[in-house]
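Subject: Structure handover

Hi,

My notes on what turned up in it follow below.

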Amino acid sequence: KIGIVFFRRDAAGAPFTLAACDLKRVVVTSTRYKPQAAALVARTAARLRGCGAHVTEDADGTLHLADLDADLVIAIGGDGTLLSTARRLVGSSIPT
């Protein structure tokens, strides 16, 4: 089991925690410029599925993330991947 705890804020801005196994919808994304990250995307997705989460894999970074209904987006890569993921999430309330 994944034992990570994610910290985020509720609609009123109050902090709360969410255990990894409480996540129901997760997107694991990367970039086409780091094809070696695809294996880590797949392994991360498999671990989350083992916790019962519905996981969408986006190893090439082409999904329009702002349109997805997810509890969490995990970006695997470097600074550029993280910035790209943040830009793709503009307009959504999904924590990363």
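Thr29 counts as buried, because its relative accessibility is 0% and the cut-off for buried is under 20%. Please keep in mind that this is a predicted model, and that everything below is computed from it. Thr29 sits in strand β3, where it stands opposite Ala75 of strand β5. Its side chain makes a polar contact with the side chain of Arg88, at 3.4 Å. If you set aside the neighbours within four places in sequence, the residues in contact with Thr29 include Val41, Asp58, Gly61, Thr85 and Arg88. Val73, Ile74, Ala75 and Ile76 are also among the contacts of Thr29.

What about the strand around it? β3 covers residues 25-29, and it is largely enclosed by the rest of the structure because four of its five residues are buried. On one pairing, five bridges join β3 to strand β4 (residues 54-58), and the two run parallel. Within that pairing, Val26 stands opposite Val55, and Val28 is set opposite Glu57. To get from β3 to β4 the chain passes through helix α1 (residues 38-50), and this β-α-β crossover is right-handed. β3 also pairs with β5 (residues 72-75), again in the parallel sense, over four bridges.

Put together, these pairings give an open sheet of three strands in the order β4-β3-β5, with parallel pairing. β4 and β5 are the edge strands: each has a single partner, so one side of each is left without a neighbour in the sheet. On average, neighbouring strands of this sheet are turned by 20° against each other, direction ignored.

Next, the helices. α1 lies across β3, β4 and β5, and runs at about 175° to β4. Helix α2 (residues 79-88) likewise lies across β3, β4 and β5, running at about 150° to β5.

One more residue deserves a look while you have the model open: Thr31, in the loop between β3 and α1. Is Thr31 buried or exposed? Thr31 is buried, because its relative accessible area is 13%, and the limit for buried is under 20%. Leaving out neighbours within four places in sequence, Thr31 is in contact with Ala59, Asp60, Gly61 and Thr81.

- The protein has two helices and five strands, which follow one another along the sequence as β-β-β-α-β-β-α.
- The chain has 96 residues, and 31% of them count as buried.
- Among contacts with a separation of 6 or more, 57% are between residues 24 or more positions apart.
- The accessible surface comes to about 5800 Å², and carbon and sulfur atoms account for 56% of that.

Best wishes, and happy browsing!

Note on methods:
Residues are numbered from 1 along each chain as its sequence is written. This is a predicted model: local features need pLDDT of at least 70, side-chain atom pairs count only at pLDDT 80 or more; totals for chains, interfaces and linings use all residues. Side-chain values use heavy atoms; hydrogens and water are left out. Buried means under 20% relative accessible area, exposed over 50%, partly exposed in between (1.4 Å probe, protein chains only). Two strands pair if DSSP finds at least two bridges between them. A crossover is right-handed if, with the strands pointing away from the viewer, the path from the first strand over the helix to the second runs clockwise. Contact means heavy atoms within 4.5 Å. Axes are lines fitted to C-alpha atoms, for helices over the stretch in contact, and angles run from 0 to 180 degrees between N-to-C directions. Accessible areas come from the Shrake-Rupley method with a 1.4 Å probe; for residues, only the protein chains shown count as cover. A polar contact is a pair of N or O atoms within 3.5 Å; within protein, one must be able to donate a hydrogen and the other to accept it, and residues adjacent in sequence count only if both atoms are side-chain atoms.
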